[in-house]
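Please read the following briefing alongside the sequence and the model.

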Amino acid sequence: MWRTRAAAACVICRSLANSSCGIKRKSPLQNLHLVCRSIHHPYYPSSKFQRPPLRISIQLFSSLNRLPLRKTKLLNVKYGYQFHRNFWLARLASRLLKVRYLILGSAVGGGYTAKKTYDQWKDMMPDLDDYKWIVPDFVWELDELIDFEKLIKALPDADDLAKLLPDFDKIGESFASLKGFLSPGAPGETAFRATDQGYDNDKQFKKGLLGELILLQQQIQQHEEEARRATGQYNMGSSQQKRKVSDKEKIDQLQEELLRTQLKYQRMLERLEKENKELRKLVLQRDDKGIHQRKLKKSLIDMYSEVLDILSDYDASYNTQDHLPRVVVVGDQSAGKTSVLEMIAQARIFPRGSGEMMTRSPVKVTLSEGPHHVALFKDSSREFDLTKEEDLAALRNEIEIRMRNSVKEGCTVSTETISLSVKGPGLQRMVLVDLPGVISTVTSGMAPDTKETIFSISKAYMQNPNAIILCIQDGSVDAERSIVTDLVSQMDPQGKRTIFVLTKVDLAEKNVASPNRIQQIIEGKLFPMKALGYFAVVTGKGNSSESIESIKEYEEEFFQNSKLLKTSMLKAHQVTTKNLSLAVSDCFWKMVRESVEQQADAFKATRFNLETEWKNNYPRLRELDRNELFEKAKNEILDEVISLTQVTPKHWEEILEKTLWERVSTHVIENIYLPAAQTTNSGTFNTTVDIKLKQWTDKQLPNKAVEVAWETLQEEFSRFMTEKKGKEHDDIFDKLKQAVKEETIKRHRWNERAEDSLRVIQHNALEDRSISDKQQWDAAIHFMEETLQSRLKDTESVIEDMVGPDWKKRWLHWVGRTKEQNIRNETKNELEKLIKCNEDHAAYLANDEVTTVRKNLEARGVTVDPCLIKDTWHQIYRRFFLKSALNHCNLCRRGFYYYQRHFVDSELECNDVVLFWRIQRMLAITANTLRQQLTNTEVRRLEKNVKEVLEDFAEDNEKKVMLLTGKRVQLAEDLKKVREIQEKLEAFIEALHQEK
């Protein structure tokens, strides 16, 4: 490579040195161009004017090595005067030689370095035979797919590169001629003048050819040094040259790379999710923030269809208020009305069925012309491509699902309208409504009122004076079996808006003995009904898998060969579905133009009446419809839920502690305190208490605590939801708030792990017997005294109910005792004598004591049952025990000193006070723990459930209608709908006039 470079440089030198410039020089090196001299003879002394050496540190990079090359210093270039040259000639030469030097240096240095770098990389590649499962398979096939040896051989060698060099002799001659032509000065002038403009010239040289060539030279030298160093390392030994990374390091590198990739895509997903949320927020708030996207211009038929959709929601019964035109398709079941509609729409869009009822609800089909044959529902953005069989099957399935969902339980047909839009090239613009087929008999599996329901739906649509009736009659059956013709003649006796269609004419021609009968039907002489026009069509051969194109071909072929046309029984304009659709479309638009303005005036008058009624009844309220009222109620409910977070911790803990003690106090007194108090010494008392507390904590206490907390949360939530807000309270939201509250409480579930953590806390609290100061001791005594007094009061009330009123009440209120109360009173007196005789009596009566009491009562003439004696004894002894415990509680007020000494050398024992202290402390700690769970977790989960319930209610229109009721709501709803209908009608009328 260096030989080639030296040869090229020598060619330049010889061409310049031998050029006949007529100039004498002292040394041959002075004949060289500055570029050549700086490369080949950097240390040759120039003339006496020397410029300081140019020292620039440049960071060099190679495209074949990822590591930056080390910084190097450029060669010292010496500048001086040279005679008989001009500055313009040097600049021109630099421009001419720049591209070739770049090609030469890049090709030679780059090719050589690429080969060396490839060899180094190939030696350094690790052995991945054991880890092929980590690296994809295509990586191992690269060596097979790409032949690197061929690529290296394809690189040009030195001889080929020499051919690419320009003819330097010709360049020298051109250079000399240009110099003689352009140089105006004497031969002694220099080409580069060291004047005050030297600094500017220096900058130009840095940016020119010289600096780039020197940089290229340094890069080539750097690559050669690396190549020599790599070769020396190779000769030193194969072990050092072919070092391989260990398996562990390779696995670590692959894992790090995989982790970085996962983090990268995770960040991308998070960013996309964030952007999606922001876009959704903008879409939901576009009306509030005034963000309106550019609205596409809607077609005339689409505008009209929207009006009909709103009217369908506003007035489902189609009474006299809705007199806008539409094409109503009626006919007997299986007469072929759905097939006629499909031929008009040019797509098999309706569910198939063999003899069974398939149309179970009205289907409104809006036909319009468009570039693509597609269909979509009014409440969905999905477009069904009607040219694809998969989309057609999906559309038929979706229509069938919507029909079945619209049918209520116990019914066969529904009055709910399914709205569908079909666009396609060549479609006639109109709105058709396909109704369920009229039946004569209710079969098994149908609701008993199916026949009447179908009749009522058909009459409701046909009684519209501007509705066009498309009466479908099956030509393959006898005309006397028709039901729909009588129904149509009742709704339109003059036939001013009826179009009669005879289907299955091909079968009729074969089966009917007299063709004149078909002619009589088409001429309107056979049926008693009248019509604007009569048409005969063929809608296929009865095969449900036939395409629309094949049906059209069959229909055209049939009528071309039919005797009905050849014998002039039928006219040409009365056959084929194409002529039918044109006639129906013309009739439809004629009816629209005649009636739409009248309907707009009617809705304008209705709007005025509704606005007047609102002003008279609700002058200070805004006209909020049901959806707006729901949003207002939603905000109020969420504000009330947020109020739960404002409840103070003290209030939560007081309610929780009080409610929990009310729930567990009976168990503590009856099952823990009273049994333990029957023991003879303090050791047995404490043992009994510990055992029963442990059992209680393990089985019942945590569950009871959670129940109390949940009930407390419900009560607070209900209080905020039902609390009156003064004059601003709107009772129209009460039913909605009550429903939200009940549904939220039904959905909310307390955290299941709360009981486990609570059990540990309660167990530790009950294990602690230490009372630190006198204040805590007095608090325990006060708690015990309140509890015992409450129980004593309850016991006194029970005894009073058992024995009846005392003598004071009997005299003051003139009431007496019953026979049973007298017996109870005598038994009570006898048992009180027994307790007075033995104040240390056990809690239960022995059998001989029961017998003694019974005999004593019988001696006084009172017959009593032993069970009654035991029942009365339980209450008498309970009252006696509670009074004794209260007396003992008063004695223990001064017992804190003895407690600190563990009651040593003291006859006073206050273990029951310690028990109540443990219970009181457990209640406080439990209340604090439950309060933390409430405020930190459960309130937020409850708020989340409320939001979910509100979102579910917002999507359920029936729920909103049921919960937001009243004259005010209905009036606002009617007013909103009428305004919307009127505005859309006016826009439609304006567009209709523009189309004219």
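In this predicted model, the bridge partner of Val365 in strand β7 is Leu420. Strand β4, which covers residues 363-369, pairs with β7 in the parallel sense over seven bridges, whereas strand β5, residues 374-377, pairs with β7 in the antiparallel sense over four bridges.

**Strand β7 and its partners**

- Strand β7 runs over residues 418-424 and is mostly covered, in that six of its seven residues are buried.
- With strand β4, the pairing is parallel and takes in seven bridges, and one of the residue pairs joined to β7 by a bridge is Val365 with Leu420.
- With strand β5, the pairing is antiparallel and takes in four bridges, and here the bridge partner of Val374 in β7 is Lys423.

**Packing of helices α28 and α36**

- Two packed helices are described by the angle between their axes and the distance between the axes.
- Helix α28 (residues 734-747) packs against helix α36 (residues 911-955) at an angle of about 125 degrees, and the two axes lie 9 Å apart.
- On the α28 side, the contact is made by Leu736, Ala739, Val740, Glu743, Thr744 and Arg747, while on the α36 side it is made by Leu942, Asn945, Val946, Glu948, Val949, Leu950, Asp952 and Phe953.
- By residue class, this contact of α28 with α36 divides into eight nonpolar, two polar and four charged residues.

**Positive phi angles in residues other than glycine**

- Lys504 has a phi near 55 degrees, a positive value in a residue other than glycine, and Lys504 sits in the loop between β10 (498-503) and α19 (505-511).
- Is Lys504 buried, exposed or partly exposed? The relative accessible area of Lys504 is 22%, and because buried means under 20% and exposed means over 50%, Lys504 counts as partly exposed.
- Thr576 likewise has a positive phi, near 75 degrees, in a residue other than glycine, and Thr576 belongs to the loop between α22 (563-566) and α23 (577-617).
- The relative accessible area of Thr576 is 15%, which is under the 20% cut-off, so Thr576 is buried.

Methods: Residues are numbered from 1 along each chain as its sequence is written. This is a predicted model: local features need pLDDT of at least 70, side-chain atom pairs count only at pLDDT 80 or more; totals for chains, interfaces and linings use all residues. Side-chain values use heavy atoms; hydrogens and water are left out. Axes are lines fitted to C-alpha atoms, for helices over the stretch in contact, and angles run from 0 to 180 degrees between N-to-C directions. Helices (H or I, at least four residues) and strands (E, at least two) are DSSP runs, numbered from the N terminus. Contact means heavy atoms within 4.5 Å. Ala, Val, Leu, Ile, Met, Phe, Trp, Tyr, Cys and Pro count as nonpolar, Asp, Glu, Lys and Arg as charged, and the others, Gly among them, as polar. Buried means under 20% relative accessible area, exposed over 50%, partly exposed in between (1.4 Å probe, protein chains only). Two strands pair if DSSP finds at least two bridges between them.
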